[in-house]
Amino acid sequence: MTQDTLLVCVLCRFSEAQSRVEAVPGQVLFDQLKQRLAESDSETINLRPVRCMGACSQACTAAFMVHNKLIFILSQLSPIDSVSDLLEFSYQYISASDGKVPYKDRPATIKQNIHAVLPPLPTHPYNHSGDNHAQIMSCETRHSI
Ligand code: FES
């Protein structure tokens with residue numbers, strides 16, 4: 001994956017009762033992001049739909065990822081209210097060469113809805129030099145990365 005990418009689960013629903021509602025929140029979130037990105041003049045993130053990311057009880061879910069940058073997995077996103085913050089963070093993420101957008105600069109949704117932050121995937125995943133060990137990150141470092 002060579003382009004900064006925002007994955008959005010288009011199957012996310014909030015509850016069984018909600019499943020009877022026509023609009024699927026995950027699809028609503030994806031559609032809102034797609035529309036806003038189409039209207040943008042700036043370099044935009046590669047928006048991709050996915051069908052489940054295994055955090056179904058934490059709907060809506062999304063993830064920012066690209067090789068050699070931190071991977072941000074977000075959950076409990078509002079399909080409407082989180083759109084502006086996700087877009088703002090997407091521009092910050094594109095601009096940060098290692099994905100380390102300073103915590104203090106992140107939009108509120110990103111600060112409040114982080115499900116996990118993963119170390120970057122190496123560009124060459126089968127490096128046999130032994131340098132491929134995942135970084136260990138603690139909660140204390142999370143806020144400084
Ligand atoms: S349905 Fe969205 S994470 Fe499973």
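A residue is called buried if 20 or more other C-beta atoms lie within 10 Å of its own, exposed if 12 or fewer do, and partly exposed in between, with C-beta atoms placed from the backbone. This is a predicted model, in which local features need pLDDT of at least 70, side-chain atom pairs count only at pLDDT 80 or more, and totals for chains, interfaces and linings use all residues. Residues are numbered from 1 along each chain as its sequence is written.

**Residue D85**
- D85, which is placed in helix α2, counts as buried because it has 20 C-beta neighbours inside 10 Å.
- Leaving aside residues up to four places away in sequence, D85 touches P107, A108, T109 and I110, where contact means C-beta atoms, placed from the backbone, within 7 Å.
- The C-alpha atoms of D85 and P107 are separated by 5.4 Å, although the two residues are 22 apart along the chain.

**Helix α2**
- Helices (H or I, at least four residues) and strands (E, at least two) are DSSP runs, numbered from the N terminus.
- The buried residues of α2, among them L86, F89 and Y93, pack against β1 (5–9), α1 (25–38), β3 (62–65) and α3 (108–112).

**Sheet**
- Five strands form an open sheet in the order β2-β1-β3-β4-β5, with mixed pairing, where two strands pair if DSSP finds at least two bridges between them.
- β2 (46–50) and β5 (114–118) are at the edges with a single partner strand each, so one side of each is left without a neighbour in the sheet.
- Strand β4 (residues 71–74) runs antiparallel to β5 and is joined to it by four bridges, and I73 stands opposite A116 in β5.

Conventions
Contact = placed C-beta atoms within 7 Å.
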